[in-house]
Amino acid sequence: VDSKSRRGIRGGVVTRAAGKPEPPRAFSTDLSDNQNLESLMEREAQPAVQTEADLKQKQADAAANQPDNNSPVTTGQLIGSTPLLDLSQYSLNPNVKIMAKCEYLNPSGSIKDRIAQHIINQAEASGDLRPGMTVVAATSGNTGAAIAMACALRGYDYIVITNEKTSKEKVDAMKAYGGEVIVSPSGVAPDHPDHYQNIEDRLCSENPGTYYGVDQYNNPYNAEAYEATLGPEIWRQTSGLVTHFVAGGSTGGTVSGTGRYLKSENADVRVVMADPKGSVFWDHVVKGVPAEDVCVTKSWEMEGVGKDSIPGCFDIDAIDGMVRGNDEDAFAMCREVAANEGLLLGGSAGLNLHAARVLSASVDDGATIVTVFPDNGVKYLSKIYNDSWLQSKGLEGAQGGNGAVSPDVDEKSHESKIHWKPEIVTRHEQAAAATAAAAAAVEGHNLLSAEETEAELKFLEELAPKLVQYHRESIAGGERVHSRLQSPEDLAETFSVAGVPIDLADGAAVDGDVLNAAVQAVMDNSVRSSHPLFLNQLYSGVDPVALAGDWLASALNANVHTFEVAPVLTELEKAVLAKTARMWLQEPGSNARTPAHDGLIVPGGSLANMYSLLLARDKIDPEARNRGSTMELVAFCSEQSHYSYRKSAMVMGIGMDNMIKVKCDGDGAMIAEELEKEVLAAKARGAVPFYVGTTAGSTVLGAFDDYHGCADVCKAHDLWMHVDGAWGGAAALSPARRSVLDGFEKADSFCWNPHKMLGLPLQCSIFVTKQPGSLAKANAAQADYLFQPDKNNAGADLGDRTIQCGRKADALKIWLSWKHRGDKGWSDMVDRSFGLAEEVERMVREREEKDGSFVLAAGAQCANIGFWYVPPRLRPFKHAGASANQLTEIGFVAPKLKDRMQREGDAMIGFQPIDSMNLPNFFRLVLPNSRHLSKEMLSDMLDRMDEMGKDL
């Protein structure tokens with residue numbers, strides 16, 4: 001090993017075989033990045049939390065996206081897309097790679113061409129920079145030359161201000177493009193009028209409208225340029241394998257923008273800042289000194305790196321760690337690379353490589369460190385590569401290029417280490433901490449201390465009254481329905497201001513005060529669905545007794561799959577199913593025995609409809625559960641039915657195209673004759689009809705299908721008939737309203753959702769069928785660990801009837817509430833909702849006749865009513881005979897008026913068109929759980945809508 005091969009830092013030695021050093025390897029790249037700058041700027045950042053598979057896919061994409069463009073280019077297109085140099089021979093760990101971007105190959109000779117081009121482009125696009133103006137830039141040298149070149153290309157005059165520290169070569173380069181260069185004193189305080197940044201500010205303020213100030217230290221387009229170009233280049237050129245990025249800072253733009261981009265691709269990328277001894281970044285990042293309190297502790301000779309104040313471009317959140325170096329560290333590295341690799345580097349490049357070398361000793365095997373070489377040594381021949389100059393500055397140790405150590409004891413013990421932020425740990429440290437935590441977790445009688453457990457119980461005790469008060473305020477109707485209309489971004493900001501960010505990325509535990517703040521933030525910014533004027537969906541409010549049942553079910557936390565773990569809840573569910581079977585198949589007040597049935601309480605009407613399809617398929621093709629269906633099965637539903645019919649067909653593999661929509665009459669009810677036609681047509685093309693899904697209370701119009709007619713078609717063709725009564729099925733509870741369901745008892749299955757019209761807490765949906773044992777036959781998988789035939793009360797289990805494993809005890813809600821209200825309480829609820837819908841229809845008709853302010857779109861059916869609000873300028877509006885233009889204009893009204901109502905916190909009402917009936921957007925008013933709603937409130941609501949919409 002010859003003497004030149006012994007290169008080290010602070011006593012560490014890197015050895016290489018004698019002879020010619022391994023040459024650096026350059027990675028190919030393209031020249032197209034700057035053409036795509038704007039598209040890169042629009043690139044959406046990836047989430048910080050990602051799986052290993054996500055990362056591997058990104059790395060594969062990066063490897064595949066290595067373009068090769070050898071076409072002729074313009075001067076501007078020479079900017080960026082610089083080669084990536086492999087300098088792994090300088091790593092202190094042979095299993096860690098070091099690579100460097102050759103930014104000195106940009107046309108003006110430095111990395112600053114990237115920001116000069118982007119800042120000038122953005123200034124021109126915004127109109128801040130116009131032809132005939134003069135561009136002014138304060139610079140430590142490289143930005144001045146880059147701005148000068150950019151101005152030369154565009155025809156602008158320029159003035160660049162630098163200081164006496166800047167090398168003669170760089171000053172001459174700034175002058176060479178034909179502009180003015182001002183050299184200010186070096187070492188003056190940041191607030192001194194002769195500080196070069198302050199001169200820029202003064203010139204621009206004295207020449208408004210004629211001088212454009214680049215303000216590179218605070219201009220957001222500085223960091224943005226690197227985020228748009230340098231970061232993506234590094235990601236592509238390393239095929240996504242970069243693990244660490246190292247860069248010094250003067251403006252802070254390079255390390256901030258590039259770091260942000262790399263972290264958006266892989267949140268585990270670590271960003272390390274190299275800083276000269278004396279610069280303020282170290283104290284700000286490592287010691288936490290506020291930006292306004294930092295001060296330079298000593299001078300340094302390196303140019304273009306380090307700072308005497310914290311620039312606005314600098315993003316401290318992008319920085320994970322720091323490495324500090326002195327002038328000898330940087331310049332010795334420059335001389336070493338020149339001697340061994342034939343490359344002349346600038347001082348900031350030497351500092352960056354020094355920092356990367358220090359970092360290589362402390363990272364895991366397999367790491368890839370990427371740094372940047374901002375400029376080359378030709379700009380410093382009179383300094384770094386001049387022995388006399390080095391001697392004059394007391395930097396003789398850099399002459400030999402051997403990384404000589406400064407005699408400063410503090411430097412030896414402190415400066416050549418990587419200093420991570422407290423929250424940053426190495427993978428080895430993470431693994432050790434995880435092992436220690438896992439071992440500690442099994443110690444002691446409880447995971448939590450007695451004090452911690454009591455604090456959580458106290459939280460529950462204090463929360464319950466708050467929730468009761470929230471419900472009390474909601475049903476009183478004095479609060480806004482919608483707290484305030486906010487976008488997802490607005491909500492994120494609201495929660496951050498409240499001290500409880502929505503994002504869970506940091507994973508940190510919070511105390512009771514923050515938990516209470518979180519609860520309050522959720523309540524304060526949510527829609528009050530228990531408000532009497534929440535009329536937007538087919539659910540509203542919450543039955544207090546059922547809510548108690550919901551709380552009780554959560555406290556019990558029992559899974560209703562086996563009798564042995566949920567004996568009471570299993571029997572309560574059976575009781576609710578039996579009650580539903582009687583409600584469906586018997587007249588109110590009947591004393592007959594409960595009809596034979598099977599059933600389940602399921603999470604929502606959509607799944608209830610799918611259960612009916614599963615039973616129907618099992619009836620016609622029982623082997624489909626094992627081998628899959630070999631038939632071209634076809635099912636039917638009305639064109640006004642719920643979309644869950646089609647989604648169920650999709651999930652089951654039947655296909656949405658094979659869920660045929662049948663025409664409806666003017667009220668939105670399926671026409672039995674049209675159903676017959678569709679069944680015959682399906683048979684004629686060789687398909688196998690097997691199922692008809694009818695509706696009791698359609699979502700938009702509240703229509704009830706012709707159950708007698710549909711049942712006749714089903715009987716004639718041996719089809720399963722189901723009634724989706726999720727919304728209108730509750731009419732069976734009312735002796736006065738049950739007639740709308742006439743014939744529904746002929747169906748094979750039926751479902752209804754007490755969480756809709758009755759106001760039970762979401763979710764509570766009940767499915768029943770006439771065929772006992774059919775659910776287990778179609779769905780059972782007989783899991784050995786749950787459904788052992790030889791255990792106690794094995795026959796009482798409900799779990800193998802379902803397509804799920806676990807189920808919440810939703811039966812407790814409806815059972816407890818039914819016990820409290822009785823049949824009459826539910827009947828009154830249904831009668832009130834139906835009756836109020838009819839009252840609104842009357843109000844609309846009165847207003848239509850009086851002044852044309854409201855026009856009926858669909859009469860009251862179930863608890864639905866449809867109407868248009870008509871602004872004065874569109875009156876009179878008559879749907880029959882309306883022109884295409886009138887229909888188009890009236891369709892714009894409902895969305896705009898709803899927006900105003902939401903912003904005012906007034907009633908929430910849905911709207912939608914029905915294209916098949918030529919009905920443009922109209923308000924669909926639905927009245928579920930109307931226990932706190934009155935005729936007077938609805939009339940006043942219509943009056944307010946008229947006031948809000950008059951100018952539309």
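This is a predicted model: local features need pLDDT of at least 70, side-chain atom pairs count only at pLDDT 80 or more; totals for chains, interfaces and linings use all residues.
Q: In S6, what is the bridge partner of isoleucine 159?
A: S5 and S6 pair in the parallel sense, over 5 bridges. Strands of a sheet pair through backbone hydrogen bonds, either parallel or antiparallel. Look across from isoleucine 159 into S6, and its bridge partner is glutamate 180.

Q: Which strands stand at the edges of the open sheet of 4 strands?
A: The order in this sheet is S6-S5-S4-S7, with parallel pairing. An edge strand has a single partner strand, so one side of it is left without a neighbour in the sheet.

Q: Which residue in S7 does valine 136 stand opposite?
A: Strand S4 (residues 134-138) and S7 run parallel, and 3 bridges join them. Check across from valine 136 and the residue in S7 is glycine 213.

Q: What angle does the direction of helix H4 make with that of S5?
A: Helix H4 (residues 142-154) packs on the sheet, where it touches S4 and strand S5 (157-163). Compare the direction of H4 with that of S5 and the angle is about 175 degrees.

Q: Which are the edge strands of the open sheet of 7 strands?
A: Here the pairing is mixed, and the order is S14-S20-S19-S18-S17-S15-S16. The twist averages 20 degrees from one strand to the next. Each edge strand pairs on one side only, and these strands are S14 (598-602) and S16 (659-662).

Q: In S19, what is the bridge partner of valine 723?
A: Strand S18 (residues 720-725) pairs with strand S19 (residues 749-752) in the parallel sense, over 4 bridges. Step across from valine 723 into S19 and you land on phenylalanine 750.

Q: Which strands does helix H25 touch?
A: Helix H25 (residues 707-717) packs on the sheet, and its direction makes about 155 degrees with that of S18. The strands it touches are S17 (688-695) and S18.

Q: Leaving aside its neighbours within four places in sequence, what is methionine 941 in contact with?
A: Methionine 941 is among the residues with the most contacts inside the largest nonpolar core. Once neighbours within four places in sequence are set aside, its contacts are Leu533, Leu535, Ala907, Ile909 and Leu925.

Q: How many residues are in another core that lies apart from the largest one?
A: Its members include Ile119, Val242, Val271 and Phe314. This core lies apart from the largest one, and its size is 51 residues.

Q: How many disulfides does the count come to?
A: A disulfide needs two cysteine sulfur atoms within 2.5 Å. For cysteine 714, the nearest cysteine sulfur is that of cysteine 710, 6.6 Å away. For cysteine 862, the nearest is that of cysteine 751, 13 Å away. Neither cysteine 714 nor cysteine 862 is in a disulfide, and the count comes to 0.

Terms used. Residues are numbered from 1 along each chain as its sequence is written. Side-chain values use heavy atoms; hydrogens and water are left out. Two strands pair if DSSP finds at least two bridges between them. Helices (H or I, at least four residues) and strands (E, at least two) are DSSP runs, numbered from the N terminus. Axes are lines fitted to C-alpha atoms, for helices over the stretch in contact, and angles run from 0 to 180 degrees between N-to-C directions. Contact means heavy atoms within 4.5 Å. A nonpolar core is a set of buried Ala, Val, Leu, Ile, Met, Phe, Trp, Tyr and Cys residues joined through side-chain atoms within 4.5 Å. Buried means under 20% relative accessible area, exposed over 50%, partly exposed in between (1.4 Å probe, protein chains only).
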